[in-house]
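Please keep the display at hand while reading.

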Amino acid sequence: MGMSDIIDELRWRGLIEQYSDLDAIRQALSAGPVVFYCGFDPTAPSLHHGHLVQLLLMKHLQRAGHKPLALVGGATGLIGDPRMSGERQLHSKEVVAGWVDKLRDQIEKLLDFTGDNAAVMVNNLDWTRELSAIDLLRDLGKNFRMGTMLSKDAVARRLKSDEGISYTEFSYQILQANDFLELHRRYGCVLETGGNDQWGNLVGGMDLVHKVEGAQVHCMTTPIITKADGTKFGKSEGGAIWLNPEMMSPYAFYQFWLGTEDADVVRMLKIFTFRDREEIERLSKEVAERPFAREAQKTLAADVTKMVHGQEALDAVLAATQALWGKGDLRALDAETLTAAVSDLPQPDEPVVLGETTIIDVLQGAGLVSSRREARQTLASGGAYVTNEKVVGEDRPLCEDDVLAGGWILFRRGKRNLGAARVAK
């Protein structure tokens, strides 16, 4: 894709919400490679799907020939961006430094750090730690007007709340604005991108560069992703959709995207994948004509899982999905993938004692049948399976041969009713 039509592409994908001057941004992007940046604060040991939107915008701009600076906020992460409600808990310098490393690892997998327009990783602690209190107040503070600072959405809302806002969090916007100034000086950065909730901070940085350097720079935000019904997209039962596989398994991650509703899936394909217009058009028709096939959802889930976790993890997830429903080899699955795959299945309260616990015990214990009589009928009619193999004949105790990786036994009633039980240690 050429540099000139990247704005049209981003707008078609629904990746642009607010901007300082779109004609000027378009002109700058079409005139030649532009250095731009996006900041990520280490407020947790992982990025989530909201950050993924920023990284995808960065990837689109990088593919169009522009140079990304990925800023991980080792300094701003110590201060805390004001939220709409309540002060953030301050974490120790050691914890924040550890989170900085984790975020950098995740970003390195998603951007290209080689070639002519290789991404560069920066940390605002490098210049913020050099800043003295006098420099902060004289050189930076002089450029900020209290009225503007107080009118920022999060600040204004917090001022009206019972707990108010600390001077620490109130000062955050000065530090973030200074990042743009420093990156402009060090790398010639002329564009900052971020989520729409960051609009006030982005404008603050843009204004500071203009005041101090007399330069015209730009900012642009991505929308907060919502579902067709207006609710926020991206909450699972465990909270956020984390990119760290230790916080959300690749299996659960894949299942989240697979569960996208028909009304949302085409928009999510535009935002979260690199499929072109023709392909998305085709998938859109599939949603309309054959929604039961869920081809669009499968494409979305596979693309995002591969991008975040890699092909190997995607293969393991697909193998688990197939095997769970009798179309693959359960014994080939590793303990981690299997444990993630069975986490939402009905399970008996009691662990299995090999040689004692029977098929009827687990079918009833997991609630797949309402009584032992119903369990016996299921067995008699050939509707009971253990580890995807039909159990023929009488009730039998579960044995070592039934056990899968991680000490799991999988059982099924009919085609659709799955259950899992752990073997007693």
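Which residues in α13 meet which residues in α17? In this predicted model, Pro250, Tyr251, Tyr254 and Gln255 are the residues of α13 that take part. From α17, they meet Ala313, Leu314, Val317, Leu318, Ala320, Thr321 and Leu324. By class, the contact of α13 with α17 comprises nine nonpolar and two polar residues, with no charged residues.

The two helix axes come within 9 Å and cross at roughly 75°. Because angles of 65 to 115 degrees count as roughly perpendicular, α13 and α17 are described as roughly perpendicular to each other.

Helix α13 also takes part in the surroundings of helix α14, which spans residues 262-272. The buried residues of α14 are Asp264, Val265, Val266, Met268, Leu269, Ile271 and Phe272. They pack against α13 and against α3, α15 and α16. The residue ranges of the helices are listed here.

| Helix | Residues |
|---|---|
| α3 | residues 49-63 |
| α13 | residues 250-258 |
| α14 | residues 262-272 |
| α15 | residues 277-289 |
| α16 | residues 295-309 |
| α17 | residues 311-324 |

The model also contains an open sheet of four strands, in the order β9-β8-β10-β11, with antiparallel pairing. Strands β9 (389-390) and β11 (417-422) stand at its edges; each has a single partner strand, so one side of each is left without a neighbour in the sheet. Strand β8, residues 384-386, pairs with β9 in the antiparallel sense over two bridges. Val386 has Glu389 in β9 as its bridge partner.

Notes: Residues are numbered from 1 along each chain as its sequence is written. This is a predicted model: local features need pLDDT of at least 70, side-chain atom pairs count only at pLDDT 80 or more; totals for chains, interfaces and linings use all residues. Side-chain values use heavy atoms; hydrogens and water are left out. Two strands pair if DSSP finds at least two bridges between them. Axes are lines fitted to C-alpha atoms, for helices over the stretch in contact, and angles run from 0 to 180 degrees between N-to-C directions. Angles under 35 degrees count as roughly parallel, over 145 as roughly antiparallel, 65 to 115 as roughly perpendicular and the rest as oblique. Contact means heavy atoms within 4.5 Å. Ala, Val, Leu, Ile, Met, Phe, Trp, Tyr, Cys and Pro count as nonpolar, Asp, Glu, Lys and Arg as charged, and the others, Gly among them, as polar. Buried means under 20% relative accessible area, exposed over 50%, partly exposed in between (1.4 Å probe, protein chains only).
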